[in-house]
Amino acid sequence: MRAALLQAHGLDGLELAHVDAPEPAAGEVVIRVETVGVNQLDLNVIAGHGPGAAAKLPRVLGIDPAGEIVGVGEGVDAARIGQHVVVKPNIPCGRCDACAAGRESTCPSQRVVGVHRDGGAAEYVTVPAVVAFERSGLTAATATAAVHSLPIVVNAIDAAGVRAGDRLLVTGAGGVLGRAAIEYAVHLGAEVTAATRHPLADAPDGVRVVVTGPSADLAAALDAGDRFDAAVDVSGSAALLGQAVAALDWGGRAAFCSASVDTRLTIDARDFYLSRKRLIGVASADLAQVRRAIDLVRAGVVVPRIGARYPLDAVHRAYREFPTTTPGKVIIDVR
Ligand SMILES: [Zn+2]
């Protein structure tokens, strides 16, 4: 089969190679891949940096494939053959207390498809059956666009305890995660304020947009006296997160799921405890949240935006152009 195989770090070390199709081990399924996304994590694997440093080479890239199950390993119901699925890249260990409690996102021994094992930028991929989610009714591209981003947003909004009528601040609202957070929060009945660097072209009705400008000065963009019951930060900026925490009201909860821009967080400790605030870091998602996220897309509550698309033949270009492509999920069409 053809596969985007990373033989050495750097884009020059990436080859569209012919390799043997993988065989499923016990508990695994084989998927004939239709689409896979391009993610920052792929670039980290290519560079051998950060979370991508865990990948041993050679490694087939691709963390979030969608396709059809065409084979199963021992212990997996053969009725799953023919099922259309999408893969959540985080594989929980299935043995720890967090996994036993259904809190797979806090499993300390997670492995990641396309990092710790071969991924889905290939004609076939094997994954544990538990992370191959049924996607009936969704195209492969839409499922790929949703599966890595929306569940973490669902996790963050759950963690912040967002309820109908809550005043919710979403910071970093202009990106893929931000859009998903806004749409889901509106669905929950929250009163949403969306803070972005640049104006939002098509914010849902009823969403208040505040533009912070390139300096991300949230305090200046908000009205004096603006206070929030909850905040969800997807900006990756600790500076912005600190400002969001400052804008929380009594008992306010903030959840964040990225720290990629800057990491030095400043909060007023006295205000934080006197106002009974809480701050929760969220990564990945529980399996039940992945299923809920897929259902939200199927119901039209959240509409994943798809940006550039590339055939597998153009995989080098897909990764090279990723940092500069227009908003929306970048998709590689494998088939
Ligand atoms: Zn575990």
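User: Are Cys99 and Cys107 buried or exposed?
Analyst: Both Cys99 and Cys107 are buried. Buried means under 20% relative accessible area, exposed over 50%, and partly exposed in between (1.4 Å probe, protein chains only). This is a predicted model, where local features need pLDDT of at least 70, side-chain atom pairs count only at pLDDT 80 or more, and totals for chains, interfaces and linings use all residues. Residues are numbered from 1 along each chain as its sequence is written, and side-chain values use heavy atoms, with hydrogens and water left out.

User: What makes Cys93, Cys96, Cys99 and Cys107 donors of the zinc ion?
Analyst: Their SG atoms lie 2.3 to 2.4 Å from the zinc ion. Donors are N, O and S atoms within 2.8 Å of the metal (3.2 Å for Na, K and Ca), so these SG atoms count; water is not among the atoms, so sites may look incomplete. In sequence, the spacing of the donor residues is C-x2-C-x2-C-x7-C.

User: Why is the zinc site called tetrahedral?
Analyst: The angles among its 4 donor atoms run from 104 to 117°. The ideal angle for four tetrahedral donors is 109.5 degrees.

User: Why is Asp64 counted as buried?
Analyst: Asp64 has 0% relative accessibility, so it falls in the buried class. Asp64 sits in the loop between strand S4 (59-60) and strand S5 (66-72); strands are DSSP runs of E, at least two residues, and helices are runs of H or I, at least four, numbered from the N terminus.

User: What makes the Asp64 and Asn39 side chains a polar contact?
Analyst: They are joined at 3.0 Å. A polar contact is a pair of N or O atoms within 3.5 Å; within protein, one must be able to donate a hydrogen and the other to accept it, and residues adjacent in sequence count only if both atoms are side-chain atoms. The side chain of Asp64 also makes a polar contact with that of Lys329, at 3.1 Å.

User: How far apart are the C-alpha atoms of Arg305 and Gly328?
Analyst: They are separated by 4.7 Å, although the two residues are 23 apart along the chain.

Definitions and conventions:
Four donors count as tetrahedral if all angles lie between 85 and 135 degrees; four count as square planar and six as octahedral if opposite donors are over 155 degrees apart and all others between 65 and 115; anything else is irregular.
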